[in-house]
Amino acid sequence: MSRTDISKLKELRAKTDLELAQLVRDRLERGLALAHEAAGEESRARAERAHREAHAWLPLVAAADRSALERMLAELGHKLNRRELRVQAACS
């Protein structure tokens, strides 16, 4: 493989890494927005789906981009758990 080919592959990998990190970030931001909505099982289900997808994709994100996304993922998980506890308390 030539240096040009290797250079092109590195460029492609860097672009893919950035796009994947942005995809996960977008998914988490959407999940957080849905978790903030006052009511609706559909919103909760979509926020949970965003959490699951981001969790599954996160190991594929480059280490340099991962820590901020891990914090967002934890925040979304916390909001979903807190909302679930409020719903359970209201039903009791």
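This is a predicted model: local features need pLDDT of at least 70, side-chain atom pairs count only at pLDDT 80 or more; totals for chains, interfaces and linings use all residues.

Biologist: Which residues of H2 are buried?

Modeller: An α-helix has 3.6 residues a turn, so residues three or four places apart point the same way. In H2 the buried residues are Ser43, Arg44, Ala47, Ala50, Glu53 and Ala54.

Biologist: Is Arg52 buried or exposed?

Modeller: A residue counts as exposed when its relative accessible area is over 50%. Arg52, which lies in helix H2, has a value of 52% and is therefore exposed. Its C-alpha atom is 10.0 Å from that of Gly31, although 21 residues separate Arg52 and Gly31 in sequence.

Biologist: Which residues of the largest nonpolar core touch the most other members?

Modeller: This core has 16 residues, and those with the most such neighbours are Val24, Leu28, Leu58, Val61, Leu69 and Leu76. Helices H1, H2 and H3 each give two or more residues to the core. The greatest share, seven residues, comes from H1.

Biologist: What is Val61 in contact with, leaving aside its neighbours within four places in sequence?

Modeller: Val61 then contacts Leu20, Ala21, Val24, Arg66 and Leu69.

Biologist: Which residues make the nonpolar surface patch of about 430 Å²?

Modeller: Met1, Ile6, Leu9 and Leu12 make this patch. One of them, Leu12, is placed in helix H1.

Technical notes
Residues are numbered from 1 along each chain as its sequence is written. Side-chain values use heavy atoms; hydrogens and water are left out. A nonpolar core is a set of buried Ala, Val, Leu, Ile, Met, Phe, Trp, Tyr and Cys residues joined through side-chain atoms within 4.5 Å. Buried means under 20% relative accessible area, exposed over 50%, partly exposed in between (1.4 Å probe, protein chains only). Helices (H or I, at least four residues) and strands (E, at least two) are DSSP runs, numbered from the N terminus. Contact means heavy atoms within 4.5 Å. Patches are made of residues with over 30% relative accessible area and no salt bridge: like charges are joined within 9 Å, nonpolar side chains (Val, Leu, Ile, Met, Phe, Trp, Tyr) within 5 Å. Accessible areas come from the Shrake-Rupley method with a 1.4 Å probe; for residues, only the protein chains shown count as cover. A salt bridge is a side-chain nitrogen of Lys or Arg within 4 Å of a carboxyl oxygen of Asp or Glu.
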